[in-house]
Amino acid sequence: MENLRAGDLAIDLVQPLPTEPLRVVWSGKSSDRNPGAILDPFFQQLLSAAEHRRVPVQLRFEKLLHFNSSTIASLIQLIQDARQRRVELTVVFDRKLRWQQLSFDALRVFVGSDGLFTLRSVEEVP
Amino acid sequence: MNPPFSFTIDLPVRNDWANIDLVRTSILNCFAAVFNDLDGCHAFAMVAGELLENAIKYGDWHDSERPLHLRVWGEQHWANVQVENPVAPDSRALQDLMESLARLETFRSAEDAYRAKLLEVAAAPRDGSVGKLGLARIAYEGNCRLKAEVKEDVLSVTSHMTF
């Protein structure tokens, strides 16, 4: 699976060891008119890779500068798909950045008792 | 006594998606030069970006030469961001916008409205039929009051923010 480059957005996959979570590092800006057209196929590959390797996915947003609401809608779909496919998904953000705190804290509505979706601020994870 | 503190940005913007991020980033940079609160500047730029996105997505662009119009004005403790675009007064897009704004007002808080919208997006079919997440985001993350007006074939959406 390859890293994603689309306009000002970069998404890099990092997995130091095969048993560790697939780390998906977002940087730059996601402001495409229809980000789902770019992100959805990438997310499907990501979930397939996580299923195949039997590891969780960790989405890291602390380096992201901006995303639009259409990107948030795509993320919501990823959260839904990961839950359906029983892939553990963690979103890591920087609580010190107010826009990230507001944007990501709101996603707590998707945290369920199944433990498949969690939110962490960057200082809480290695 | 301090001199009066006020600011105004008033410019036509060509209907081109690439211009949204140019304007959003420009506003971020301008306000970072004016205010100490960088988080507030981010919120302000996000509001402008989301309003411009809606204007381009849902405006009536059969005359592609017509620009949209951005105005930003305010004083020390408040600011308005307004985007104007051509609109078909009887269009479904305009009706949806007005309904979305009215619905925001029915919630106890902007946060409640935003969370409800997130759940609505999650439950919706993936055909893009549930839009206007940006309006709820503006109200919640931007801590803004939103209002919309139509005069002839021009829609203006204004967000009012206090800080």
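Chain B has a mean pLDDT of 93, and 96% of its residues reach 70 or more; pLDDT is the predictor's confidence in each residue, from 0 to 100. This is a predicted model, in which local features need pLDDT of at least 70 and side-chain atom pairs count only at pLDDT 80 or more, while totals for chains, interfaces and linings use all residues. Residues are numbered from 1 along each chain as its sequence is written, and chains are lettered from A and ligands numbered from 1 in the order in which they are written. The model scores ipTM 0.94 and pTM 0.94.

We can begin with the overall build of chain B. Chain B holds five helices and five strands, where helices (H or I, at least four residues) and strands (E, at least two) are DSSP runs numbered from the N terminus. Read from the N terminus on, the elements follow the order β-α-α-β-β-α-α-α-β-β. The C-alpha trace of chain B spans about 55 × 40 × 25 Å along its principal axes. A compact globule of 163 residues would have a radius of gyration near 15 Å, and the 16 Å of chain B agrees with this; the radius is taken over C-alpha atoms, and the globule rule is 2.2 Å times the number of residues to the power 0.38. Of the 163 residues in chain B, 37% are buried. A residue is buried if 20 or more other C-beta atoms lie within 10 Å of its own, exposed if 12 or fewer, and partly exposed in between, with C-beta atoms placed from the backbone.

In α2(B), 15 of the 21 residues are buried, so the helix is mostly covered.

B:Leu104 has its place in helix α3 (residues 92-104) of chain B and is buried, with 22 other C-beta atoms within 10 Å. Not counting residues up to four places away in sequence, B:Leu104 touches B:Ala113, B:Leu135, B:Ala136, B:Ala139 and B:Leu146; two residues are in contact if their C-beta atoms, placed from the backbone, lie within 7 Å.

The two chains also meet. The contact takes 22 residues from chain B and 17 residues from chain A. On the side of chain B that touches chain A, the largest share, seven residues, comes from α2(B). By class, this side has eleven nonpolar, three polar and eight charged residues. Here Ala, Val, Leu, Ile, Met, Phe, Trp, Tyr, Cys and Pro count as nonpolar, Asp, Glu, Lys and Arg as charged, and the others, Gly among them, as polar.

Finally, two loop residues deserve a look. A:Arg54 has a phi near 55 degrees, a positive value in a residue other than glycine, and is exposed, with 9 other C-beta atoms within 10 Å.  B:Asn143, in the loop between α5 and β4 (144-151) of chain B, has a positive phi near 50 degrees.
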